[in-house]
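I opened my notebook to go through this model piece by piece. Here is what I looked up, in the order I got to it.

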Amino acid sequence: MPTNKDFKRLVRARMEKTGEAYTAARANLLKRSPTPSISAPADGEPGLKTRPPVARPDYAKLAGMSDAAIKKATGCDWDKWVFCLDYVGAQDWSHRAITDHVHTAYKVKDWWTQAVTVGYERIKGLRAIGQRRDGGFEANKSKTLDASAAVVFRAFAHARVRKHWLPGVTVTVKKATPNRSVRMIWNDGTPVEVWIVTKGTKKTAAQVQHRKLASKEDADTRKKFWDERLTALADTLKG
């Protein structure tokens, strides 16, 4: 590869031959300059130190949800969501601002708006799995049930039905949107949100989010609890 001094001589020679200005002659010579090849070092020679390629993070693993699931529900996989949200600078937004953008700009349904936002925040390191942006923790669990949305809604919203699969727990229902969602306060003061998503004529998903938990251990315990209770609900509905 020519030294800087040699290259300047080449530039001046081209200027005399073509009549080009210095910058034009230099640019044309740079275009023609071959990229030096790198061969393996011979025995006894020091090896060339190169930076290994950086692998793209496993977005699905960081988000806690597969590409297939998020794409089926929203039309975009995690690569596309990260690109779109990074493009508008969402990493610096509040949780509410991101959810509003996902919901209004992409017409994503309520629960999946939360799934996209939370997954993106996990990917960007703004929260860990099970943790909220404010540092608190939450437990999320969902189950597809062999019942209509109306039946699943009653199972959460009506106390007489709820006691069959959720015994020994006193909750206060704060808001109930028929066949869509139920918001309640647990007997320890923690909030629980239930999203009801129709999966077909006779199948409905109950998606539970238990928030403002004290620790990751608490979140893990609640997640196991909801797994057991949703299984009990499925058995109750079959009976």
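Entry 1: I started with W186, which is buried at a relative accessible area of 8%. This is a predicted model, so I kept that in mind for every entry. F225 is partly exposed, with a relative accessible area of 26%, whereas W226 is among the buried residues of α10.

My search of the whole structure gave 7 aromatic pairs. One of them is W111 with W112, edge-to-face at 4.8 Å centre to centre and 85 degrees between the planes. W111 is buried at 16%, and W112 is buried at 12%.

**Entry 2: helix α10.** α10 covers residues 216-238, which makes 23 residues. From first C-alpha to last I read 33 Å, close to the 33 Å expected at 1.5 Å a residue. Which residues of α10 are buried? My list reads D218, A219, R222, W226, L230, A232, L233 and A234. A reminder to myself: an α-helix has 3.6 residues a turn, so residues three or four places apart point the same way. The buried residues of α10 pack against β1, α8, α9, β4 and β5.

**Entry 3: the sheet.** I then wrote down the strand order, β1-β5-β4-β3-β2, for an open sheet of 5 strands with antiparallel pairing. β1 and β2 stand at the edges with a single partner strand each, so one side of each has no neighbour in the sheet. The twist averages 15 degrees from one strand to the next. α10 packs on this sheet, touching β1, β4 and β5, and its direction makes about 20 degrees with that of β1. Looking at one pairing, I found β3 and β4 joined in the antiparallel sense over 5 bridges. I185 has P191 in β4 as its bridge partner.

**Entry 4: helix α5.** I moved to residues 78-87, where W78, W81, V82, C84 and L85 are buried. What do these buried residues pack against? I found α3, α4, α6 and α7. At the N-terminal end, D77 caps α5, with a side-chain oxygen 3.3 Å from the backbone nitrogen of D79. After the helix comes G89, with a positive phi near 75 degrees.

**Entry 5: a buried arginine.** R127 is in the loop between α7 and β1. Is R127 buried or exposed? R127 counts as buried because its relative accessibility is 6%, and the cut-off is under 20%. I found its side chain in polar contact with the side chain of E121 at 2.7 Å and with that of E138 at 3.4 Å.

**Entry 6: two lysines to look at again.** Most residues other than glycine have a negative phi. K107 has a positive phi of about 55 degrees, and K107 is in the loop between α6 and α7. K212, in strand β5, also has a positive phi, near 55 degrees. I noted K107 as exposed at 67% relative accessibility and K212 as exposed at 56%.

Key. Residues numbered from 1 in each chain as written. Predicted model: local features only at pLDDT ≥ 70, side-chain atom pairs only at ≥ 80, totals over all residues. Heavy atoms only, no water. Buried < 20%, exposed > 50% of the residue type's maximum accessible area, 1.4 Å probe, protein only. Helix = DSSP H or I, 4+ residues; strand = E, 2+ residues; numbered from the N terminus. Contact = heavy atoms within 4.5 Å. Polar contact = N/O pair within 3.5 Å; in protein donor to acceptor, adjacent residues only side chain to side chain. Expected span 1.5 Å × (residues − 1). Pairing = 2+ DSSP bridges. Axes fitted to C-alpha atoms, helices over the stretch in contact; angles between N-to-C directions. Phe/Tyr/Trp six-rings, centres within 6.5 Å; stacked < 30°, edge-to-face > 60°.
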